[in-house]
Protein chains: 8
Amino acid sequence: KAGIIMGSKSDLPVMNDAADIFKEFGVEFEITVVSAHRTPERMFEYAKNAASRGLKVIIAGAGGAAHLPGMVASITTLPVIGVPVKSSNSIDGWDSILSILQMPNGIPVATVALNAAKNAGLLAVQILSTADASLAEKMQAYKDELRKKVEESAAEMEK
Amino acid sequence: KAGIIMGSKSDLPVMNDAADIFKEFGVEFEITVVSAHRTPERMFEYAKNAASRGLKVIIAGAGGAAHLPGMVASITTLPVIGVPVKSSNSIDGWDSILSILQMPNGIPVATVALNAAKNAGLLAVQILSTADASLAEKMQAYKDELRKKVEESAAEMEK
Amino acid sequence: KAGIIMGSKSDLPVMNDAADIFKEFGVEFEITVVSAHRTPERMFEYAKNAASRGLKVIIAGAGGAAHLPGMVASITTLPVIGVPVKSSNSIDGWDSILSILQMPNGIPVATVALNAAKNAGLLAVQILSTADASLAEKMQAYKDELRKKVEESAAEMEK
Amino acid sequence: KAGIIMGSKSDLPVMNDAADIFKEFGVEFEITVVSAHRTPERMFEYAKNAASRGLKVIIAGAGGAAHLPGMVASITTLPVIGVPVKSSNSIDGWDSILSILQMPNGIPVATVALNAAKNAGLLAVQILSTADASLAEKMQAYKDELRKKVEESAAEMEK
Amino acid sequence: KAGIIMGSKSDLPVMNDAADIFKEFGVEFEITVVSAHRTPERMFEYAKNAASRGLKVIIAGAGGAAHLPGMVASITTLPVIGVPVKSSNSIDGWDSILSILQMPNGIPVATVALNAAKNAGLLAVQILSTADASLAEKMQAYKDELRKKVEESAAEMEK
Amino acid sequence: KAGIIMGSKSDLPVMNDAADIFKEFGVEFEITVVSAHRTPERMFEYAKNAASRGLKVIIAGAGGAAHLPGMVASITTLPVIGVPVKSSNSIDGWDSILSILQMPNGIPVATVALNAAKNAGLLAVQILSTADASLAEKMQAYKDELRKKVEESAAEMEK
Amino acid sequence: KAGIIMGSKSDLPVMNDAADIFKEFGVEFEITVVSAHRTPERMFEYAKNAASRGLKVIIAGAGGAAHLPGMVASITTLPVIGVPVKSSNSIDGWDSILSILQMPNGIPVATVALNAAKNAGLLAVQILSTADASLAEKMQAYKDELRKKVEESAAEMEK
Amino acid sequence: KAGIIMGSKSDLPVMNDAADIFKEFGVEFEITVVSAHRTPERMFEYAKNAASRGLKVIIAGAGGAAHLPGMVASITTLPVIGVPVKSSNSIDGWDSILSILQMPNGIPVATVALNAAKNAGLLAVQILSTADASLAEKMQAYKDELRKKVEESAAEMEK
């Protein structure tokens, strides 16, 4: 089971892409708001209990000085995937990217591209696939589908 | 009383400048290591009890994805001053600056320049001065001293 | 009492957020335009007399090569909070951020996030709280309110 | 089993940190040079056969226009962890970070901090932990050790 | 004969400018979609056979972590011109520019400005001109035309 | 007569290049330290009296949040040339460049390259040349000398 | 007499601000298009003859890889003011700023803020003022007007 | 025949890498200093006569506000390869990269990585190869050599 959390409900339009991937791959998940800055205790509880509640991987999205992914990673031993969200007063996304990516030695966060919650979902599926061969097959099928769409675009453009 | 915390003991050469300012101004202080990522519970305790232990202001320094100042600010109601420290694999300091500066609405961190723990100390003194006229006088004397040193440099250069 | 100043009346939509915080917390304040570049003498007078007029903290917002916060800080011993405003020809906000943040040793400015006048107001309240326990209580209540709103968002999303 | 690859043998001093983590956690691994640009076919073969050779996760480090992590991710369904290496003519690390992080939708790379091969190793262990409870326990012990070291630093500094 | 490829059909509005230049100069060309990440084998085939199919120069456009130009350059010996495309979640274009420009020693990509497919087309014509004097003459005529348009603008503005 | 001022005596090794140019061109000048932040009143006096003391142009160098050139320009009507100095904790020079360059409408500063006090001196000479034909001739001779040195380098390299 | 040149007629909306300043101050000027890249010979002629045609100062605006100000400065001994224009595919203005600002030793360009043709005009007036006391008086009056407008804004806001 | 030019003899250590490639591939070349800013007429002559003197491709290296590649490209119809050189006061190389890369429509420069004169040489060989099959063969052999060196590194590391 996977967890999706975000620092603010305004991040939902971005973070929903991760949920859609889980639905597409048939991965059970939960989704909620956990703010490192406005609900630090809730964040602590969430991270502390994540593994015992059966989560295997956590996707955390946040903007600006984005501390949620790194703080959750500091508390749990589960792999944490960080999604830098471009907030309204963002410095072109640099703030959330660097706040999530540049974690100190000892506490990694698996960072994906700006606003790339879809890729966060796919990465979570790949992580779960390491123990679930059927997911790996679905992932291969997903990639085959991507390939076919490009081939169709190519065929159309070459006409 | 003021608190100085840093994410790693390797930040001490930078953060000591704040301690020196407190000694110079006769401000009582404590200094220790609190890592948001390696000791999240210690960080929680520190921030939770800071006010009741008599702290009036906290200076927090950290490098890279610097979450310490913002997380402490999320837990306490005391003013928190953040010092972006340039770590060994820093992206020219941008990572710690943006991780500390770009806090979301609701949870401010008073950010100073890169590695500027001295200015963090002075800012803390100014904050304490709002309730202590003698500190304000010392601050004025400190500024007079700065002015005199420039005037001496000028006199020497104009020779 | 707190002072809010800005380099141009075009900064008012941003800077009003600080005034709203003062109203919410019942902090007396004054608000006006003071341009470091177009009214240097007015700026000097403002900063010189701020403490004697009873101000305890100054919030200064400016865009581009934003010199207002730093210059006011050079003249007064009061704590100065700088709000980098993203002006119309801004280089993504870098210009006002760096012009305010990177102050030399001796003259700190408490810098907040880009356009974050709300956080400037909250930081000013925290500074005033160091000598006013009732403000500290209001700040705690404010944070509790932030927490509740996140919890409500979370409850709704978890449905 | 984990794979560590790098674009050039000059990346070994950085990438060895990942190998050290695997040794510390008792994770079987292989390490070699695979250049996307100088040995594209070797890269293809490596990525194509990685899963069937028993690899569960791949760590790929590269500098400059760092295409190795993303290209390997495009060919395999295994999770790929990318380590941006700061090369000799790097633009402060921005080139390798952005070349690895900003992958298009469909093909994620789990990016870690600049030169952070140690964190890449830890992230790989966390990924393998999702199917191996003993590794999760070792990870908890590793984190406990980190915590203790900070507490020792703190005790020493507080003296 | 020249080849134009792009990582996604969404790059076509930008990349068409190269095709228009080829039409204007009477250079035979083909245009299609080849994705390094979604169709790595197709990309391999394309690059491997480009010279034997009679291509003399390849223009490759891509956005984000833009690996297409560099990977094609790694496989073929033909000159490859890279067009950094500004994608929807681009970090102001820096990601595609640095991913294409900062190639390691041994594998150059001739990089042009952001979104500058027109200049890519002109550069390809200049490359083909080294063996075709008539193209060089057309290029001179093209430049004369540019000059005349500026002179007309100037005459109008000087009125 | 020209004035050279700098925010700190530590800027002298950079700013001396401007003095050397004035000596070479026989332009009378004065040089001193004026700190916007540590001696704001001295700065005011300097700028206020510059024209009446016979100065025709002012060169001002400063690092970090470099307010000296812009503040002097706000007070005098003389042309002010700003030299961004790369200070010890500089963010790669961006801070001083943007603090000097991005002046608001109404108050220009003639900004030169990072640490380019030599060019500041030459620009001042060009400005004085507009009213002094003999200086214009010397400037032409200076440029001829630059040209000859390049030609000598070229001749040597072509051997 | 002053010259205003720009690399493309599309720069006119920006560069007109300089012309408006010249009209306001009664400074004779000419305005035209001169492209360093599309009309290099015209650019050469313009710069070569500028002084003999009676020009005292040149304002040159350009976007992207903005070579016009620097090339004109390399040919004439007149002071050249550079206006970085933000072009349609600009990297946030960094390209034109750095192309104009970072001139090598020997050939200065007086650079103003992004799109700041108004300030370029004012700087040109200041340069001409060094030999024309009446212009200096007008400049003082202009500054007084700026001051009054701020004071009016302030009075209104303080109501 | 190929031409290598550079803005200053101090660029020679970087630019020599291009000469070495030409020697290795048996391509006739000339190498000299041509400064856009200090010898604009020499630059004009060089570019104007390059084609008639038998040059087929020009490599131009320069640092800072690097105008040489773009200006040469504006005058000749030959393909011009630009090498951004990191000068002593460079803003991390951004200045020379953007000054060379961001050319306006109509005048392309084939830009390579920072200081990558070796790649400039290889790109020139690829351009010449379009009309010289023996050069294409040598290029393939060169690439085979690169591949072998990686394979040897790999074999050694896998021991």
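**Entry 1**

The same surface serves both copies, as 100% of the contact residues of chain D recur in chain A.

**Entry 2: what I am looking at**

This is a predicted model, where local features need pLDDT of at least 70, side-chain atom pairs count only at pLDDT 80 or more, and totals for chains, interfaces and linings use all residues. Residues are numbered from 1 along each chain as its sequence is written, chains are lettered from A and ligands numbered from 1 in the order in which they are written, and side-chain values use heavy atoms, with hydrogens and water left out.

I checked the scores too: ipTM is 0.97 and pTM is 0.97. Chain A has a mean pLDDT of 97, with 100% of its residues at 70 or more (pLDDT is the predictor's confidence in each residue, from 0 to 100).

**Entry 3: chain D against chain A**

How many residues does the contact take from chain D and from chain A? I found 39 residues from chain D and 39 residues from chain A, contact meaning heavy atoms within 4.5 Å. The area buried between them is about 3300 Å², and carbon and sulfur atoms give 62% of that (buried area is the accessible area, 1.4 Å probe, that two parts lose on being put together, summed over both). On the chain D side, Thr77(D), Pro108(D) and Thr130(D) lose the most area to chain A, together 19% of what that side buries.

I looked for salt bridges between chain D and chain A and got zero (a side-chain nitrogen of Lys or Arg within 4 Å of a carboxyl oxygen of Asp or Glu). Polar contacts do turn up: 21 residue pairs, both at pLDDT 80 or more (a pair of N or O atoms within 3.5 Å; within protein, one must be able to donate a hydrogen and the other to accept it, and residues adjacent in sequence count only if both atoms are side-chain atoms).

Which elements of chain D supply at least two residues each to the side that touches chain A? My list reads helix H3 (68-75), helix H4 (94-101), strand E5 (110-111), helix H5 (117-129) and helix H6 (133-158). Helices (H or I, at least four residues) and strands (E, at least two) are DSSP runs, numbered from the N terminus.

**Entry 4: back to chains F and G**

I ran the contact for chain F and chain G: 39 residues from each. They bury about 3300 Å² between them, 62% of it on carbon and sulfur atoms. All of the interface residues of chain F, 100%, are also interface residues in chain G, so the copies meet through the same surface.

**Entry 5: pairs that do not touch**

Chain D and chain G do not touch, and their nearest C-alpha atoms are 15 Å apart. No contact joins chain A and chain H either; their closest C-alpha atoms lie 17 Å apart.
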